[in-house]
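The sequence and the structure come before the discussion.

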Amino acid sequence: MADQVKLLDFWPSMFGMRVRVALALKCVPYEYVDEDLTNKSPLLLQMNPIHKKIPVLIHNGKPICESSIIVQYIDEFWKDKAPLFPTHPYDRAQARFWVDFIDKKLFDCGRKIWASKGEEQEEGKTEVIGILKQLEEVIGEKAYFGGECLGFVDIVLIGYYTWFYAYETIGNFSIESECPKIMSWAKRCLQNESVSESLPDPKKVCDFVLQMKKKYGL
């Protein structure tokens, strides 16, 4: 019997994007359900009763929550294709460290750019550039964070690329001029169809963010 896979998601979510990319890299067919986060479905509330958030991967009726955990699950379950983690335990630990760093830092700093003004917005811009510069040091001269192949850190970070245009438009600054190595890395990732076909157009994301700012009077 074939695996039944369903993804509860919201199209502009950089957290959902990482799951979509991982499933695409593994060639896993799945049913996509786009949630209305202002009116969450009974299925979402049932499958993630603790956090009530997307994304949720439902595999043969069982839910897996939290995007970075979902990506690890996908790699462990569908391990016959496109390994997402390095083989050495040290390298795996390093990948998990940088994913934790990204998850704890980048979203909140990015939110300051689009959801605030004045000093707080400027602070957000400075923090985002600082984080990306640290990540540029990590990638160094490698093609991807894990080396020559797309891996866990790349999959986790690439969704943020689709929000960079919104950050730049709203914050009136250029990530590319400040962090050219990160932008080169993102363009390299997008050469992979599993990545490019899983991500929304950055201009569409920007339109969504501008509408959200207007709706909430930000």
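P55 is placed in the loop between helix 2 (42-47) and strand 3 (56-59). In this predicted model, the peptide bond from I54 to P55 is cis, with omega near -5°. Most residues other than glycine have a negative phi, and most peptide bonds are trans.

Two residues have a positive phi without being glycine. C27, with phi near 60°, belongs to the loop between helix 1 and strand 2 (31-34). The relative accessibility of C27 is 49%, so C27 counts as partly exposed. N60 has a positive phi of about 50° and sits in the loop between strand 3 and strand 4 (62-65). With a relative accessibility of 40%, N60 is also classed as partly exposed.

Two packed helices are described by the angle between their axes and the distance between the axes.

| Helix pair | Angle | Axis distance |
|---|---|---|
| Helix 4 and helix 6 | roughly 15° | within 11 Å |
| Helix 6 and helix 8 (residues 180-190) | roughly 105° | within 10 Å |
| Helix 6 and helix 10 (residues 202-215) | about 55° | 8 Å |

The axes of helix 4 and helix 6 cross at roughly 15°, which makes helix 4 roughly parallel to helix 6. Helix 4 passes helix 6 in a left-handed crossing. On the side of helix 4, the contact is made by A95, R96, W98, V99, I102, D103, L106, F107, G110, I113 and W114. The partners in helix 6 are F152, V153, V156, L157, Y160, W163, Y167, I170 and G171.

Helix 6 and helix 8 cross at roughly 105° and are therefore roughly perpendicular to each other. Helix 6 contributes D154, L157, I158, Y161 and F164 to this contact. Helix 8 contributes I182, M183, W185, A186, C189 and L190.

Helix 6 and helix 10 pack at an angle of about 55°, and helix 6 is therefore oblique to helix 10. Helix 6 passes helix 10 in a right-handed crossing. Y161, T162, W163, Y165, A166, T169 and I170 of helix 6 are in contact with helix 10. The residues they meet there are P202, K203, V205, C206, F208, V209, L210 and K213.

**Aromatic pairs**

A pair of aromatic rings is described by the distance of the centres and the angle of the planes. How many aromatic pairs does a search of the whole structure find? The search gives 15. One of them joins F15 and F107, with ring centres 5.5 Å apart. Their planes stand at 50°, so this pair is tilted. F15 is part of helix 1 (residues 14-25) and F107 is part of helix 4 (residues 89-115), so the pair ties together parts 92 residues apart in sequence. F107 is partly exposed, with a relative accessible area of 29%.

F15 also forms an aromatic pair with Y160. This pair is edge-to-face, at 6.4 Å centre to centre and 80° between the planes. Because F15 lies in helix 1 and Y160 in helix 6 (residues 152-171), the pair links parts that are 145 residues apart in sequence. Is Y160 buried or exposed? Y160 has a relative accessible area of 0% and is buried.

W114, Y161, W163, F164 and Y167 form one aromatic cluster. Another ring, that of W11, has K204 over its face, at 4.4 Å from the ring centre.

**Two buried residues**

S68 lies in helix 3 (residues 67-77). The relative accessible area of S68 is 15%, under the 20% limit, so S68 is buried. Which residues does S68 contact, leaving aside neighbours within four places in sequence? They are R18, V99, D103 and F152.

A143 is found in the loop between helix 5 (118-139) and helix 6. A143 is buried, with a relative accessible area of 16%. Not counting residues up to four places away in sequence, A143 touches E148, W185 and R188. S184 is 41 residues from A143 along the chain, and the C-alpha atoms of the two are separated by 9.3 Å.

Terms used. Residues are numbered from 1 along each chain as its sequence is written. This is a predicted model: local features need pLDDT of at least 70, side-chain atom pairs count only at pLDDT 80 or more; totals for chains, interfaces and linings use all residues. Side-chain values use heavy atoms; hydrogens and water are left out. Rings of Phe, Tyr and Trp (its six-membered ring) pair if their centres lie within 6.5 Å; planes under 30 degrees apart count as stacked, over 60 as edge-to-face and the rest as tilted. Helices (H or I, at least four residues) and strands (E, at least two) are DSSP runs, numbered from the N terminus. Buried means under 20% relative accessible area, exposed over 50%, partly exposed in between (1.4 Å probe, protein chains only). A charge sits over a ring if NZ of Lys or CZ of Arg is within 6 Å of the ring centre and within 35 degrees of the ring normal. Axes are lines fitted to C-alpha atoms, for helices over the stretch in contact, and angles run from 0 to 180 degrees between N-to-C directions. Angles under 35 degrees count as roughly parallel, over 145 as roughly antiparallel, 65 to 115 as roughly perpendicular and the rest as oblique. A crossing is left-handed if the near helix is turned anticlockwise from the far one by less than a right angle, and right-handed if clockwise. Contact means heavy atoms within 4.5 Å.
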